[in-house]
Amino acid sequence: MLNLVDRSSKTVPLMGQASKTFDAVVVGAGFGGMYMAHLLRSKGFTVRGFERGSGVGGTWFWNRYPGCRCDVESMEYSYQFSDGLQQDWQWSERYSAQPEILAYAEHVAHRFEILGLFTFNTSVEGADFDDLSRLWTVRTAAGEAVQARYVIMATGCLSTANMPDIAGLDLFDGQLHHTGAWPAEGLDVSGLRVAVVGTGSSAIQSIPHIAAQAQHLTVFQRTPNYSIPAQNGPIDTTRVAEIKANYEEYRRRNKNQPAAFGADFPRNGDSVFDATPEERESRFEAHWGYGGFMFMGAFADLGLDPQANAYAAEFVRSKIRATVKDTATAELLCPDTIIGCKRLCADTGYFETYNRDNVTLVDISAHPIEKLTRSGLVVNKALYEFDAIIFATGFDAMTGSLLKMEIRGEGGLTLKDKWADGPKTYLGLMTAGFPNLFMMTGPGSPSVLANMITGVEQHADYICDLLTWSHKEGFSEIKAEPVAEQTWVEVVNMRSQATLYPRCNSWYLGANVPGKPRVFMPYLGFPDYVARLQEIRDARYEGFVFAAAGG
Ligand code: FAD
Ligand code: NAP
């Protein structure tokens with residue numbers, strides 16, 4: 001045990017003083033919190049973890065809707081901290097389904113004895129920094145309060161469901177669910193009249209499965225979405241053997257990609273404007289065949305130039321029109337926005353589902369859902385009756401889970417007040433005024449614009465190195481410097497302005513939640529981010545302020 005809290009005469013002695021004091025509290029037992037807690041313990045820190053769910057896995061614990069799977073290939077969407085683990089684990093599909101990813105998380109938890117570090121079924125309600133003792137008190141919904149020097153919020157970017165505030169939600173007599181909090185026992189919709197509200201990734205993955213089971217499925221669409229077939233299938237065992245023969249090199253190549261994945265697929269450096277119409281179509285066709293996100297690698301300027309983007313968008317619309325037999329439905333399903341501005345979806349049989357006799361699409365772009373009644377929902381004065389309504393309406397992304405807690409930093413400053421105009425962080429790791437409080441994949445880090453398991457591992461490693469270094473240097477307190485934070489906020493913003501990302505109502509901008517400040521939250525470019533963090537570390541963690549407790 002490092003016994004960080006009583007190592008210097010200047011620090012406040014804690015260890016042994018009370019049973020509820022820890023070097024670090026970790027909130028959340030998704031992939032981020034699991035690795036963070038494991039790593040801190042391995043370096044000698046005493047750790048206490050809290051998780052609101054009854055088990056590990058985070059996203060993969062909560063999102064059990066049919067069809068849920070990753071959209072980053074499983075050989076990449078997995079931990080890399082243990083070569084033994086990545087060699088032993090066998091994925092069955094190119095993009096594995098939720099039950100397999102959850103089983104993997106549970107395997108990791110057992111293999112590295114992580115379960116015992118967490119208290120499950122326990123929500124953290126708040127955390128208060130004490131200006132005198134310089135310690136955090138973390139409060140749970142169960143009424144427990146524990147003290148810690150460091151708090152690491154591994155609470156997830158997509159872990160607070162966005163349930164629309166529609167009148168009558170509590171009136172509906174049938175089953176009402178959100179894809180992000182799917183019943184653990186599953187949901188059998190055989191013979192039922194089902195509604196799905198929303199057409200984002202969760203809807204696009206679940207709709208083909210629900211349609212196959214339900215008596216009738218009605219999809220309520222506010223905005224159509226671009227989706228590229230995932231081209232999923234059983235995993236290619238020859239390729240797996242090749243990757244496993246040199247997994248480290250494979251990981252290294254992927255970390256050099258802008259979003260830390262996809263190194264095995266071409267990301268072309270040329271402009272769409274230099275291609276003839278035939279070359280353009282043939283390139284788009286090839287990238288369509290690679291599946292999912294790989295489509296956007298067809299040309300270098302698709303995410304940068306609106307006209308270049310329009311070529312890609314039109315190609316996808318032509319695929320939708322060729323797939324969906326009913327012309328009016330096909331037109332409703334065709335997006336007219338910037339492709340890739342909202343997160344691109346990857347599907348298996350999504351557009352084909354609208355050719356089924358038991359599926360209806362209702363356009364609610366001009367007429368929002370007015371209310372729910374006992375028997376269904378009302379749109380444009382018409383009542384649609386259902387046995388089950390499924391909200392696939394996404395998440396209060398990136399800040400939702402952090403702001404749901406009452407977090408009070410120095411001088412009683414609340415995180416809610418500090419972030420009233422949008423999140424402000426230094427590197428997506430800390431926010432000024434909240435000493436020793438860290439975020440994993442916080443706003444201002446690549447987070448949701450990168451392979452997120454790679455992202456959480458990189459953050460856990462960095463936080464752990466920072467704590468260990470600071471301890472060795474004789475410090476017990478780390479803060480973000482306000483000026484460094486302000487500069488970082490500007491850098492994040494500037495990087496997004498150079499792209500087409502700010503040009504649509506995406507959750508990256510907070511636009512999906514009424515009243516949420518519009519700020520582009522993730523940092524674009526994983527390799528640049530990692531390089532910057534290394535420079536900062538080499539400069540003795542510039543932008544962070546260190547202090548020994550009491551002085
Ligand atoms: P999470 O997995 O969200 O875990 C956070 C945990 O914190 C949760 O278990 C939550 O219950 C807990 N928690 C939150 N607040 C509290 C509190 N106050 N008290 C106690 N516990 C709390 N990313 C990719 O890179 N590739 C993909 O293919 C991909 N697919 C996805 C599919 C879906 C359906 C969704 C929703 C997201 C997907 N993501 C994907 C993003 C995904 O969230 C991350 O990949 C990753 O799982 C995040 O891990 P995490 O530990 O940071 O957060
Ligand atoms: P989402 O992308 O935010 O989509 C939510 C959908 O609900 C949108 O179509 C939205 O319409 C609609 N909606 C929201 N509020 C509504 C309202 N009040 N009335 C009617 N419609 C409403 O959420 P998601 O599909 O859950 O995906 C969120 C993120 O999770 C993804 O972008 C991705 O990062 C991750 N994810 C990944 C996968 C995967 O393939 N691996 C699967 C699921 C989720 P508007 O567009 O008009 O707002």
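Visitor: How many disulfides does a search of the whole structure find?
Guide: This is a predicted model, in which local features need pLDDT of at least 70 and side-chain atom pairs count only at pLDDT 80 or more, whereas totals for chains, interfaces and linings use all residues, and side-chain values use heavy atoms, with hydrogens and water left out. Residues are numbered from 1 along each chain as its sequence is written, while chains are lettered from A and ligands numbered from 1 in the order in which they are written. A disulfide is taken to be a pair of cysteine sulfur atoms within 2.5 Å. By that criterion, the number of disulfides found in the whole structure is 1.

Visitor: Which hand does the disulfide of Cys341 and Cys504 have?
Guide: Cys341 and Cys504 are joined with an S to S distance of 2.2 Å. The torsion about their S-S bond is about -100°, and the disulfide is therefore left-handed.

Visitor: How many residues apart in sequence are the parts that Cys341 and Cys504 tie together?
Guide: Helices (H or I, at least four residues) and strands (E, at least two) are DSSP runs, numbered from the N terminus. Cys341 sits in the loop between helix H10 (327-333) and strand E11 (345-347), while Cys504 belongs to the loop between helix H15 (482-497) and helix H16 (526-538). The pair therefore ties together parts whose separation, in residues along the sequence, is 163.

Visitor: Are Cys341 and Cys504 buried or exposed?
Guide: A residue is called buried under 20% relative accessible area, exposed over 50%, and partly exposed in between, using a 1.4 Å probe and protein chains only. On that scale, Cys341 and Cys504 are both buried.

Visitor: Which cysteine sulfur is nearest to that of Cys68?
Guide: Cys68 is in no disulfide, and the nearest cysteine sulfur is 8.8 Å away. Cys68 itself is buried, with a relative accessible area of 5%. That nearest sulfur belongs to a residue that is likewise in no disulfide, namely Cys70.

Visitor: Which element gives the largest share of the shell around ligand 1?
Guide: A residue counts as near a molecule if one of its heavy atoms lies within 4 Å of it, and of the 33 residues around ligand 1, those that come nearest are Glu51, Thr59, Asp71, Tyr77 and Met452. The elements that give two or more residues to this shell are helix H1 (31-42), helix H2 (59-62) and helix H14 (452-472). The largest share, 3 residues, comes from H2.

Visitor: How many of the 12 residues of H1 are buried?
Guide: H1 reaches 17 Å from its first C-alpha to its last, close to the 16 Å expected at 1.5 Å a residue, where the expected span is 1.5 Å times one less than the number of residues. Among its buried residues are Phe31, Tyr35 and His38. H1 is largely enclosed by the rest of the structure, because the number of its residues that are buried is 10.

Visitor: Which helix gives the largest share of the shell around ligand 2?
Guide: Of the 23 residues around ligand 2, Arg69, Ser202, Thr223, Lys342 and Arg343 come nearest. An oxygen atom of ligand 2 is 2.6 Å from an N or O atom in the side chain of Ser202, a residue that is buried, with a relative accessible area of 13%. The largest share of the shell, 3 residues, comes from the helix of residues 201-213, which is H5.

Visitor: Which side chain does a polar contact join to that of Arg48?
Guide: Arg48 lies in strand E2 (residues 47-50) and is buried, with a relative accessible area of 16%. At 2.9 Å, a polar contact joins its side chain to that of Glu144.

Notes
Polar contact = N/O pair within 3.5 Å; in protein donor to acceptor, adjacent residues only side chain to side chain.
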